[in-house]
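Good morning, colleagues. I would like to take you through one structure today, beginning with the arrangement of its chains and then turning to helix packing.

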Protein chains: 2
Amino acid sequence: MRDITVRNPLDMHLHLRDDDMLCLVAPLSAGTFSGGLVMPNLVPPITNLQILHRYKSMIADAIGENSFKPYMTMFYRNYDREFIKNIKESITAMKLYPAGITTNSDSGVSSFDIDTMRPTLETMSELNIPLCVHGETDGFVMDREAEFMDIYETLATAFPKLKIIMEHITTKAATKIVQKYDNLFATVTAHHLLLTLDDLAGGLLKPHLFCKPIAKRHDDKDALVDMATSGHRKIMFGSDSAPHPTSSKECCGCAAGVFTAPIAIQLMAELFIKNDKNIDQSEQNLQKFMSDNAINIYGISPPPKSITLENKEFIVPKIYKNKQNEVTPMKSGETISWRIK
Amino acid sequence: MRDITVRNPLDMHLHLRDDDMLCLVAPLSAGTFSGGLVMPNLVPPITNLQILHRYKSMIADAIGENSFKPYMTMFYRNYDREFIKNIKESITAMKLYPAGITTNSDSGVSSFDIDTMRPTLETMSELNIPLCVHGETDGFVMDREAEFMDIYETLATAFPKLKIIMEHITTKAATKIVQKYDNLFATVTAHHLLLTLDDLAGGLLKPHLFCKPIAKRHDDKDALVDMATSGHRKIMFGSDSAPHPTSSKECCGCAAGVFTAPIAIQLMAELFIKNDKNIDQSEQNLQKFMSDNAINIYGISPPPKSITLENKEFIVPKIYKNKQNEVTPMKSGETISWRIK
């Protein structure tokens, strides 16, 4: 099979963490991606410009010589108009977490009362600041995303000019809702395009495949793959690559998160490019999914970077580590059929 | 609250393993139970009298001075009439595994073709040997038991005088089917009466709560609890207590099985006895669930043993170990509100 190229790949849902872990993982994203939307759920979360600028500077140090644009986000709260006007130039989006729903989200939103949120969301709408949402209720783990669809519909209807990004969607239900409203868009991860609950718990239990939202059913995965690989304009790649030390994954209470940043483009090439016959179309759709859609949805101009992949075996490293941290990637020690040239 | 007593408690689904692990876990069951139905999925599985008698002798050695009756089972295959007549006096039941569905079940049944199974099942029916079934398909992990209900119905209809035990049921669907056919009965585990998928994967991932069949939804658990705590004559306690070394549970591919044998009676007391007001009725229902129903269904006469529990805190040991093995129990280090006097 011929080589393929992805121009300006973007990871529109990225956890870079801080301190030593940031130093390990940021270069791994910056090595292949042109830019990424950086999640704000640190401890403490990014809730003002001072924390944001300090974090941005830490990221710049960690990236070093690499050309990589960190698109910053602010942790959503019901901020006032003055605050939002003041941060507008420094951020690409605000990220909303329901309180306690995932890693470091304790101070998130505990009530989706539209009137309470209205001043903030109307200001964001007016200033064209997208709202990224971790869309899960606190219900049964397999139902959390599906139960959140009503809230997406309410938000999309109440704020029709607000761009709302349904983050890391995992269900067939979500692929339908995102297409129903003009102002809804979505990211999907590499792992949710490849896994179901069977991979986590159908045979042996695989903590390195444990993530939130949890991987769902086969028809959910199939719907996500259909939407992504068709090049649909409303869906973009967001890895939700979430590094945890291996010791926090192989224990009696394992943290949620799959680490894919350094292998994501290779995995997506393997998923999109099935055969020689349709390779031109598949490559175009991969380009839309990995970059063009995000550029259009967010109106961003990432630094130019061109990644060429060849159809040759790539053996995923068993671990990625620095002096302080060791992270086990998805497909640790396994083979992917595309590698970066 | 007053003390309660369980007479002749029986664990009608028990994994005693072999070698060093047998030496660790057999005394823990024998300490509180009067007897237990011993599963035959060893390596190699128990498929003839020679292996069975050797295993029974190993169990006797491991139990030592304790009064405990191991009710032996043969690993189901399509045996001929002569074989079955020959083993009848040595076994209490045969245990059927679909091939590859759980630990050490590779040589189980790969096709549920009734005509192929007929000679064996008709002979068992005639000789009054119960058939215990691990009822799961190889489908999506949350659907495996529900998908197996058709096979239970087919077996129950085709062999109306064969006693069929639906082992470790986990779904509302199973509680309905077991009541629909005269010749169907069921066991349920302590953990499936207490856990849902949320406990395994709703927060942090908990490998010590990972089991096959996997814990299901809240309404499934509620249906199991309703049936068991009502003292329904068709449901019996079977722990499916499945010890794995802690190192096989806290790793990158964790074995399925929850270890509850030494805490099962305490856990069931906590589940059944809710308050002083109904304590007489609750104690009676606990007696049925933990012993009387099994005695009636299997027609067995376990050695007398009387376990008295008091409503005082029992702190579950963090681990159970001998020189060779270390096993982490369910509720490791946690508190149960009833303890053995």
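Chain B can be laid on chain A with an RMSD of 0.0 Å, by a turn of 180 degrees and a shift of 0.0 Å along the axis; the superposition is by least squares on the C-alpha atoms of residues with pLDDT of at least 70 in both copies. That is the relation of a two-fold axis. In chain B, the C-alpha nearest the axis belongs to B:E250, 2.6 Å from it. The same surface serves both copies, since 100% of the contact residues of chain B recur in chain A; two residues are in contact if their C-beta atoms, placed from the backbone, lie within 7 Å.

Two remarks on conventions. This is a predicted model, in which local features need pLDDT of at least 70 and side-chain atom pairs count only at pLDDT 80 or more, whereas totals for chains, interfaces and linings use all residues. Residues are numbered from 1 along each chain as its sequence is written, with chains lettered from A and ligands numbered from 1 in the order in which they are written.

The contact between the chains takes 22 residues from chain B and 22 residues from chain A. On the side of chain B that touches chain A, helix α7 of chain B (residues 197-201) gives the most, with three residues. Helices here are DSSP runs of H or I, at least four residues, numbered from the N terminus. That side of chain B divides into 14 nonpolar, four polar and four charged residues. Ala, Val, Leu, Ile, Met, Phe, Trp, Tyr, Cys and Pro count as nonpolar, Asp, Glu, Lys and Arg as charged, and the others, Gly among them, as polar.

I turn now to packing within chain A. Helix α5 (residues 144-158) and helix α6 (residues 172-180) of chain A pack at about 10 degrees, with their axes 9 Å apart. That makes α5(A) roughly parallel to α6(A), the term for angles under 35 degrees. A:E145, A:A146, A:M149, A:Y152 and A:E153 of α5(A) meet A:A173, A:A174 and A:I177 of α6(A). By class, six of these residues are nonpolar, none polar and two charged.

What of helix α11 of chain A? Seven of its nine residues are buried, so α11(A) is largely enclosed by the rest of the structure; buried means that 20 or more other C-beta atoms lie within 10 Å of a residue's own. Among the buried residues are A:Q266 and A:L267.

Notes:
Helices (H or I, at least four residues) and strands (E, at least two) are DSSP runs, numbered from the N terminus. A residue is buried if 20 or more other C-beta atoms lie within 10 Å of its own, exposed if 12 or fewer, and partly exposed in between; C-beta atoms are placed from the backbone. Axes are lines fitted to C-alpha atoms, for helices over the stretch in contact, and angles run from 0 to 180 degrees between N-to-C directions. Angles under 35 degrees count as roughly parallel, over 145 as roughly antiparallel, 65 to 115 as roughly perpendicular and the rest as oblique.
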